[in-house]
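Subject: Structure for you to look through

Dear colleague,

Please keep the model open while you read.

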Amino acid sequence: MTDRRFLVLGGAGLVGYQVAARISTDLAPDQVVVASRTQTKVDRAVAGLRELAPDGVEIIGEVGDVFVRQEFALKPRNDLIGDHASREAIFEDMFGPFDEAYERSRLARLIRTYRPDVVVDSVNTATAISYQDVYTAATLVERDVEQLLAGDRISPGEVAHDVEALILSTSVPQLIRHVMILNRALREAACRLYLKIGTSGTGGMGLEIPFTHSEDRPSTKLLTKNAVAFAHTGLLFLMARTDGPLVKEIKPSSLIGYADVGNKTIWEKGRPTHLFASREEALESDLTLRLEGLPRRGELQLPVVDTGENGVFTKGEFEVITALGMMEMVTPEEIAHLCLQEIVGGNTGRDVIAALDGSVLGPSYRGGVLRSQVVEDLGILETATGTHSVALGQLGPPELSKLLWEAEILDLAFGTSTAVLDATPEALSGAADELIMERVDLRDTITSLGLPILRHDGTSLIRGPFIRIPEVAGDETVPVSDTEREVWATKGWVDLRPGNMARWQERFRCMRDTRPGKAQPGSAGYSPETGLSDEIEVGAVVAWIFTHELGGGRIK
């Protein structure tokens, strides 16, 4: 094992603690960081691990919510949602600029601080996101709207609270932003492996699952948890196909238990349940439900089994949920054992991401053969119609259309990469500008598709009826500064200036240098680079740029 630093998210929980214990004792690394939400649980976990771990293993505890910014990490979510300023901040982190949200993220700070070789994530992400209850939030907003339409007096602050709470309780934007932050942090920290302990959301049962968290069945909240759980797996599937750490997921599909058995005080919604002396009343036409006058006999205590994040169950509840044909049960130790096997490179057969890799339908031989025919047919139509079938601006980010049209212009003006490299950037810029001004149909096609053309001198912009970049909703005028012009030109303008031509020369130089030729006989001598010829094949050139500059290539 070369892995020396481990971060266990949710490491104070039922499964996370067992994973941290196996890592500490079996692998004896330099450092194990246990991160969880509450100080008491983290302190207990750290103390237990320090007793188990051999000498030389550093056990560190970290407390805080990994789904919010650093400054909110120790605050309850209900308190954050109840405050207008913090709601605005959470909104900005969910929907605002990604780079800024990333810098503020508690999760990103944690990973970048410790730079672990392996991150084991045992946080119940699906529950944390789905149980913010978008359904209740939607009902409250509908009530507010009805009151407003009826002319009832309602506080603007109350409406703002309910509307913002509804927006912030939507699952998909939260999940996407969470995975984007996670992916960048893992790559920046050069992590080797990200191992997720996920959930099926329903303990392996179907739509008619009889076990909910006190909601009526069928529970929309529970089904939302299931939907988020598998949406999460889908995003991890994409992470695994991105150049970065190895990505694996173990997804238990039964009740996970148990941590302890004992006679304990029963808690509900963060408060102890009390035992009250009952009384008999006459059943009248109006039934009044009041606690007044009922003597309190103390806290309610019962024999229960503690199943960690799933809660505590009485004997009767535990018997039914673990019965054959119900959820049944898997133990945290078994999950921890599978995790350890995956960490050290074993093949458990339980990695959901690998299972998806093995079952999804990939590219086919027939598709590859017919691709060539499609390209040939389109080329014939281009010649026959005198048009340029290059880019519509509807596929991919604006960079795709910009790069395709710039490559097309260089192809029309020079024909080969050698000719491009033999010219000066100024000569390239001048020739491209002259071509655009001469070929009216070419120029008008580009600008009509929403791509403006920045001429060689950088002071004149040729444009059509609309512009895809900058993306400004609702405004018809946008101020242009030098900084913004450079950003927009890089992102989505056809840029004919010498500086951009010099960048294209550097690209062609790199393509030539990475085109080694047939270094080996047979198929071993072929790679995407060897397929690049001296002729400027527009699609192949931009595919190379997407792979080498934007990291967007397919790795599986």
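Predicted model: local features only at pLDDT ≥ 70, side-chain atom pairs only at ≥ 80, totals over all residues.

Residues are numbered from 1 along each chain as its sequence is written, and side-chain values use heavy atoms, with hydrogens and water left out.

The overall picture

The secondary structure of the protein chain comes to 22 helices and 18 strands; these are DSSP runs numbered from the N terminus, with helices being H or I of at least four residues and strands being E of at least two. The C-alpha trace spans about 95 × 70 × 45 Å along its principal axes, and of the 556 residues of the chain, 40% count as buried. Among contacts between residues at least 6 apart in sequence, 72% join residues at least 24 apart, a contact being heavy atoms within 4.5 Å.

The cavities

Three cavities of 30 Å³ or more are held in the structure. A cavity is a set of points, on a 1 Å grid over the protein atoms alone, where a 1.4 Å probe fits but cannot get out, and its lining residues have an atom within 4 Å of a point; grid points are joined across faces, edges and corners, and a volume is the space filled by probe spheres set on the points. The largest cavity contains about 250 Å³ of space, and of the 16 residues that line it, Phe67, Val68, Asp93, Met94 and Arg177 are the closest to its centre. Helix H4 (84-95) and helix H10 (171-188) each supply at least two lining residues, and H10 gives the most, with four. The lining divides into nine nonpolar, three polar and four charged residues, where Ala, Val, Leu, Ile, Met, Phe, Trp, Tyr, Cys and Pro count as nonpolar, Asp, Glu, Lys and Arg as charged, and the others, Gly among them, as polar.

His178 also has its place in H10, and this residue is buried, with a relative accessible area of 7%. Leaving out residues up to four places away in sequence, His178 touches Phe67, Leu107 and Thr125.

Rings and charges

There are four aromatic pairs in the structure, a pair being rings of Phe, Tyr or Trp (its six-membered ring) whose centres lie within 6.5 Å, with planes under 30 degrees apart counted as stacked, over 60 as edge-to-face and the rest as tilted. One of them joins Phe98 and Tyr102, which are tilted at 35 degrees between the planes and 6.1 Å centre to centre. Both residues lie in helix H5 (residues 98-104), four residues apart, which is about one turn of the helix. Phe98 is buried at 15% relative accessible area, and Tyr102 is buried at 0%. Trp488 and Trp493 form another tilted pair, 6.0 Å centre to centre with 55 degrees between the planes.

Arg184 lies over the face of Tyr102, at 4.9 Å from the ring centre, and the charged end of Lys251 sits over the ring of Phe230, 4.5 Å from its centre. For a charge to sit over a ring, NZ of Lys or CZ of Arg must be within 6 Å of the ring centre and within 35 degrees of the ring normal.

Backbone details to look at

A cis peptide bond, with omega about 10 degrees, joins Gly257 and Tyr258, and Tyr258 is in the loop between strand S7 (255-256) and strand S8 (260-265). A cis bond with omega about 10 degrees also joins Ile469 and Pro470.

Arg115 has a positive phi of about 45 degrees although it is not a glycine; Arg115 is found in the loop between helix H6 (106-114) and strand S4 (118-121). Ala190 has a positive phi too, near 55 degrees, and is placed in the loop between H10 and strand S5 (193-197).

With best wishes

Conventions
1 Å grid on protein atoms, 1.4 Å probe; cavity = no way out; pocket = protein on both sides within 12 Å on 5 of 7 lines; lining within 4 Å. Buried < 20%, exposed > 50% of the residue type's maximum accessible area, 1.4 Å probe, protein only.
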